[in-house]
Amino acid sequence: MTAAPEPTSSQPNEQELQRRLQQDSILLGGKVIYLNPFLYWRRFDANTDRWLREPGQLQEDQIISNRSRFYPELDWQLLDDQEAAAKDGAVEMFLKSLELISTFNPELSAGHLLEVERKMAVTKKRAFERWVVRSLKRRERAEAKIRRRFDRERNMRAWLEWGALDVTRQAVLPLAGLLAVAVAAGWWWGSQQICSQKIVYPGVQPALQRPAP
């Protein structure tokens, strides 16, 4: 009796790949249509790539008017700012993706595009939200880095402007002179202490001479 072969690690990977391909594509009219907009990246230029990846490229009223189209179950008044920003970004990703799909697949009819939109709303909603959250965090870190650099430059300019004032020079120069004199005096005193000779008494006293018998 032989044991059944253990499943290799490649089998779960292949199953995961097949599942992702099913979520990222749809078969319409005998043609595979990709739902993941980033699968078209070989076909668009750098400006289109930036337009797709950066949230906030569409008008706000366009996003608000399409909220119920992709999130009909939500009451947007109950969402906090972070949740609303993530879902607004997802709505923007839906609109951008549909525009890219219709651009690279001009043969699709209105009914086909409606099927694409329905499947995207089911399979890509969470993925778009996660993508938007990561993009917003990267933007926040970049903006914070720029603000810190701007604050450092502003503080440096303020110190330089303060140092260039006549009143500052009149106050600082005497203090700098006193400091230089104090440093020089301390150095001279320390050198004198090191160079001075010290009298060292021998540690063993000479033996007393005994009187002759």
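A residue is called buried when its relative accessible area is under 20%, exposed when over 50%, and partly exposed in between, using a 1.4 Å probe and protein chains only. By that criterion, 24% of the 213 residues in the protein chain are buried. The model is a predicted one, in which local features need pLDDT of at least 70 and side-chain atom pairs count only at pLDDT 80 or more, while totals for chains, interfaces and linings use all residues. Residues are numbered from 1 along each chain as its sequence is written, and side-chain values use heavy atoms, with hydrogens and water left out.

The protein chain contains eight helices and two strands, taken as DSSP runs numbered from the N terminus (H or I, at least four residues, for helices; E, at least two, for strands). Along the sequence, these elements are arranged as α-β-β-α-α-α-α-α-α-α. Of the contacts (heavy atoms within 4.5 Å) with a separation of 6 or more, 68% join residues 24 or more positions apart. The protein chain exposes about 16,900 Å², with carbon and sulfur atoms supplying 57% of that area; the areas come from the Shrake-Rupley method with a 1.4 Å probe, and for residues only the protein chains shown count as cover.

Helix 5 is mostly covered, with 17 of its 24 residues buried. At its start, a side-chain oxygen of Asp-80 comes within 3.3 Å of the backbone nitrogen of Gln-82.

Glu-92 also belongs to helix 5, and it counts as buried because its relative accessibility is 3%. A polar atom of the Glu-92 side chain lies 2.9 Å from the backbone nitrogen of Gly-56. Beyond its neighbours within four places in sequence, Glu-92 is in contact with Glu-54, Pro-55, Gly-56, Gln-57, Leu-58 and Ile-63.

Helix 6 comes next. Its 14 residues (110-123) reach 20 Å from first C-alpha to last, close to the 20 Å expected at 1.5 Å a residue. Val-116, Glu-117 and Met-120 are buried in helix 6. These residues sit on the same side of helix 6 because they cover an arc of only 100° around the axis, the arc being that of the directions from the helix axis to the C-beta atoms. Arg-118 and Val-122, by contrast, are exposed residues on the face of helix 6 turned away from its buried side.

Note on methods
The expected span of a helix is 1.5 Å times one less than its number of residues. A polar contact is a pair of N or O atoms within 3.5 Å; within protein, one must be able to donate a hydrogen and the other to accept it, and residues adjacent in sequence count only if both atoms are side-chain atoms.
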